[in-house]
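Reader: Hi! Could you walk me through how the chains in this model touch each other?

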Amino acid sequence: MREKPLVDLSQYLPILLFLGVALAISGAFVVLPMIVNRLTGTAKPNPDKLAEYECGFPAFEDSRAQFDVRFYLVAILFIVFDLEAAFLYPWAVSLGGIGLTGWASMMLFLVELGIGFAYAWKKGALDWE
Amino acid sequence: MIQLIAFYLFAVMVVGSAALTIFARNPVHSVLWLILAFFNAAGLMLLAGAEFIAMLLIIVYVGAVAVLFLFVVMMLDIDFAELRSGFARYAPLGVLLIVVLAAEMIFAVGAWSAGSLALSQRIAPTPDEIPNIQALGTLIYTRYLFIFEAAGLVLLVAMIGAIVLTHRARGGVRVQNVWQQNKRRPQDAVRNINQPVGQGVEL
Amino acid sequence: MTEWFQSLIGHGLGWFVATLILILMISLPLMLAVAMVIYGDRKIWAAMALRRGPNVVGPFGVLQSFADGLKVFLQEVIIPSAANKGLFLIAPIITFTVAQLAWAVIPFGKHMVLANINVGLLYILAISSIGVYGIIIAGWASNSKYPFYSAMRAAAQMVSYEVSIGFVLVTVVLWSGTFNLSGIVEAQRAHVFGIINGFGFNPLLFPMAVVFLISAMAETGRAPFDLTEAESELVAGYQTEYSSMVFALYWLGEYANVLLMCALNAVLFWGGWLPPIDWAPLYHIPGIVWLFIKVLAFFFVFSWVKATVPRYRYDQLMRLGWKIFLPLSLFWVFLVSGYLMITRYGV
């Protein structure tokens, strides 16, 4: 085992605590009104009130219908570019230390992705008719 | 002390939400449990000192991959009851996978308790003073350059593959050409005429 | 403060109490700020439309948001019978939690930051990428058509603009050499001509500041990118089935996110808590005041845009994200890194 931890975990502890506090506050905002309107008697549900919204008439069909595959393509392209960005982050902070080799290797990487991007553009994958 | 509590908290949550991912009846619930598992895995990474990997786990897996999963289970409207009926057919394959995973786990524990693979024998020692994102950066782009470029190629293939598989050009849509619209000037489209009374307009 | 508490009630407990107070010092003023900013937004919007805006509750109507808050708090919480009840209630909790959590790493002053982590900027990216779940889950759990369409739109939109935000952040990090937000602010000290503080004043980074501002509007779903709640198409978007305080949580979360994006604009490009000019007398004004001035200025810009720019169409929105911002920011990564290689690292 190492004596010294790799990162200063004491800086992350407030975030964990903040997570707890934020969850508690948001949770309270959801639960408290429900309790309050039980007590004040505003909670008077009836079937029409609890029906889903559909411009004044009962819904015809299941709301969870099939969706356009383009959303799926957007999500995949996003993963690819997100990963590319993920490779850029360590590169951006260490550019001073890795010199021309590091810079050139990233440029080659960007060209590889640029080809993919040009292909997507050409194929019309970025179009949203 | 707090680290230990945090470790057990995250570890229990990871295992628990992973189990719920498998056992949840509703596929959307499964994905949401999976997201919780990713989250806690990021917490574990953080405890291990890999803050960059932890953040990346959330950005890439929670922020991108799980969104795709959700899109798929929400949008494609797969009949999961029907899929489940094929359980008997895939059972042998499942058993095989269980055996492989179990063997891997036994080997991992065995290798770990043998203790010969000490972390100090790594090729590049972890530097102490700089943040680990920088330490990673100095290695990826120089020492592991070829692997890095290969990763780029994998991403390229993934992108092209996704487009080939999912992109369908639609017929009969008139696409807006923004360039052309911006290029258009009033004199191309509007004509001022001095219209005499009592005559029709010549178009 | 931490030391004082530790001397009073012991090491661990003292730390706990002090940190808890610090957290509440961020969280509670944030909620107050959101209430005031909603009022400000309505006032600015009204003024630009030659209306009065809220002017009844309190002097000039400043208490309007609190009155609204009390009203929604007392209203009935309606959970649609077809909804997935648990997820339906968890979704707004996620949205509001995430909106608060990102503030943990924002530096309000020289040492005024709750969690001074090395990868602060990545933390913000990570947190904001979780924000999309509050919307997707709400849309799906409502089990109603319009929220579902809206959630899909919102997800695709947020995801598209996150890409260019990622690349813009890389240009900032290239220049500052760190992901620590305090470090990024410090790197902007005397950045231009040795006297002006702020990356935004650098002609090479100014275009990225603009891209970031516009992407921030799209990411928070503000007008002109508010297609997720385009009322003529989608009723009220993913919030359609929500009511009472649960609905208001989305409202709070949205404005907290807008404020966060304003703060990020200020911190990343316009010097954060530094005064605009590196001149000693200006440092007598506390840094937090400078930050607030900048945040409010950006909030005014957000309201201004909301009041004046018509809503985008969905294909135009996607085109702007994928075909303009993405290649532009990618090219800028090349440009900035090349410039730095030549000037700073001497190739």
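Reader: What is the mean pLDDT of chain A?

Author: Chain A has a mean of 77, with 74% of its residues at 70 or more. pLDDT is the predictor's confidence in each residue, from 0 to 100.

Reader: Where in chain A is confidence lowest, and where is it highest?

Author: The lowest is helix 2 (residues 47-50) of chain A, with a mean of 68, and the highest is helix 4 (residues 95-123) of chain A, at 85. Helices here are DSSP runs (H or I, at least four residues), numbered from the N terminus. Where pLDDT is low, the predicted coordinates should not be read in detail.

Reader: Ok, on to chains A and B. How many residues does each give to the contact?

Author: Chain A gives 54 residues and chain B gives 51. Contact means heavy atoms within 4.5 Å.

Reader: And how much area do they bury?

Author: About 4,800 Å², with 75% of it on carbon and sulfur atoms. Buried area is the accessible area (1.4 Å probe) that two parts lose on being put together, summed over both.

Reader: Which helix of chain A gives the largest share of the side that touches chain B?

Author: That is helix 3 of chain A, with 22 residues. By type, the side of chain A that touches chain B has 37 nonpolar, seven polar and ten charged residues. Ala, Val, Leu, Ile, Met, Phe, Trp, Tyr, Cys and Pro count as nonpolar, Asp, Glu, Lys and Arg as charged, and the others, Gly among them, as polar.

Reader: Now chain C. How many of its residues are in contact with chain A?

Author: 84 residues of chain C are in contact with 62 residues of chain A. The area buried there is about 6,600 Å², and carbon and sulfur atoms give 77% of that.

Reader: Which helix of chain C gives the largest share of the side that touches chain A?

Author: Helix 6 of chain C does, with 16 residues. The side of chain C that touches chain A divides into 59 nonpolar, 18 polar and seven charged residues.

Definitions and conventions:
Residues numbered from 1 in each chain as written. Chains lettered and ligands numbered in written order. Predicted model: local features only at pLDDT ≥ 70, side-chain atom pairs only at ≥ 80, totals over all residues. Heavy atoms only, no water. Helix = DSSP H or I, 4+ residues; strand = E, 2+ residues; numbered from the N terminus.
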